[in-house]
Amino acid sequence: MTLDDLLADGAPPICAILRGIRPDEAIDVSAALVDAGIRILEVPFNSPDPLASIAAMQGEFGDRALIGAGTVLSVEAVEALHDAGGRIMVTPNTNPAVIARGAALGLDLLPGFMTPSEAFAAIAAGAKRIKLFPAARLGAAYVKAVKDVLPREVGVWAVGGTGADTIGEWLAGGCEGIGVGGALYKPGDDAATVGQRGRDLVAAWQATLR
């Protein structure tokens, strides 16, 4: 399963960023999000034992969701992600060696950028999607300006300060999708709470389609 497959199947273009999640709660929280309709799940590497969470989530939901890691900062981390069964690699920065290794391993890539130079470096390293971070500081108008010079087929995602109240703004500004962290999950949140936030987020996305 790839990100292209999910989006073509009508899945919401929303990546859940589960920063701080523990392996013992990963399955329950992931189940609540998948039930809500969110099918892209990211466990940042600066979470407790992230590879254990990713492996468990992949085993349980890998046929229905795209599971992977965020805050991937080294080639070694890319390889560990791949070995754990992860399928999507998200970074906060533009590191061509990290991006190229992810591409070589067949992972879906969502590397972070802020400037046009970083965007083009990520694309040259093998990314066909890139992540504006931190997005809220720059705004949807910035996305539109950057997209004017990017290859038409490159998808831009917004991460950082995103949520149900802004998804329409980002999509209208030209984003393919968004990643949502603290507005969806914070350490200590129970699965029921996260599931309700997920449903609200999916409903906000569906409203943009009308």
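Author: Pro134 lies in the loop between strand 7 and helix 7 (140-147), where helices (H or I, at least four residues) and strands (E, at least two) are DSSP runs numbered from the N terminus. This is a predicted model, in which local features need pLDDT of at least 70 and side-chain atom pairs count only at pLDDT 80 or more, while totals for chains, interfaces and linings use all residues. Residues are numbered from 1 along each chain as its sequence is written, and side-chain values use heavy atoms, with hydrogens and water left out.

Reader: What is the peptide bond from Phe133 to Pro134, cis or trans?

Author: As a general idea, most residues other than glycine have a negative phi, and most peptide bonds are trans. The bond from Phe133 to Pro134 is cis, with omega near -5°.

Reader: Which residues have a positive phi although they are not glycine?

Author: Asp49 is one of them, with a phi of about 45°, and Asp49 is placed in the loop between strand 2 and helix 3. Thr71 also has a positive phi, about 55°, and Thr71 sits in the loop between strand 3 and helix 4 (75-83). As for cover, buried means under 20% relative accessible area, exposed over 50%, and partly exposed in between (1.4 Å probe, protein chains only). Asp49, at 49% relative accessibility, counts as partly exposed, whereas Thr71 is buried with a relative accessible area of 17%.

Reader: In what order do the strands of the open sheet run?

Author: Strands of a sheet pair through backbone hydrogen bonds, either parallel or antiparallel. Here two strands pair if DSSP finds at least two bridges between them. The open sheet has 9 strands in the order 5-4-3-2-1-9-8-7-6, with parallel pairing, and its edge strands, strand 5 (108-110) and strand 6 (112-113), each pair on one side only.

Reader: How many bridges join strand 1 to strand 2, and how many join strand 1 to strand 9?

Author: Strand 1 (residues 14-17) runs parallel to strand 2 and is joined to it by 3 bridges, with Cys15 standing opposite Ile40 in strand 2. Strand 1 also pairs with strand 9 (residues 177-180) in the parallel sense over 3 bridges, and there the bridge partner of Ile14 is Ile178. Strand 2, for its part, pairs in the parallel sense with strand 3 (residues 66-70) over 5 bridges, and Pro44 stands opposite Gly70 in strand 3.

Reader: What is the handedness of the crossover from strand 2 through helix 3 to strand 3?

Author: A crossover is right-handed if, with the strands pointing away from the viewer, the path from the first strand over the helix to the second runs clockwise. The chain crosses from strand 2 through helix 3 (residues 50-61) to strand 3, and this β-α-β crossover is right-handed. Strand 1, helix 2 (residues 23-36) and strand 2 likewise make a right-handed β-α-β unit.

Reader: Which residues of strand 2 lie on each face, and are those faces covered or open?

Author: Ile40, Glu42 and Pro44 lie on one side and Leu41 and Val43 on the other, and all are buried, leaving both faces of strand 2 covered. Strand 2 (residues 40-44) therefore has 5 of its 5 residues buried, given that buried means under 20% relative accessible area.

Reader: Which side chain meets Arg129 in a salt bridge?

Author: Side chains of opposite charge can pair when their charged atoms come close. A salt bridge is counted when a side-chain nitrogen of Lys or Arg is within 4 Å of a carboxyl oxygen of Asp or Glu, and the structure holds 9 salt bridges. The side chains of Arg129 and Asp4 meet in one of them (2.6 Å, N to O). This pair links distant parts of the chain, with Arg129 in strand 7 (residues 129-132) and Asp4 in helix 1 (residues 3-8), 125 residues apart. Arg129 is buried, with a relative accessible area of 6%, whereas Asp4 is partly exposed at 33%.

Reader: How is Asp24 placed, buried or exposed?

Author: Asp24, at 57% relative accessibility, counts as exposed, and its side chain meets that of Arg22 in a salt bridge (2.9 Å, N to O). Arg22 counts as partly exposed, at 37% relative accessibility.
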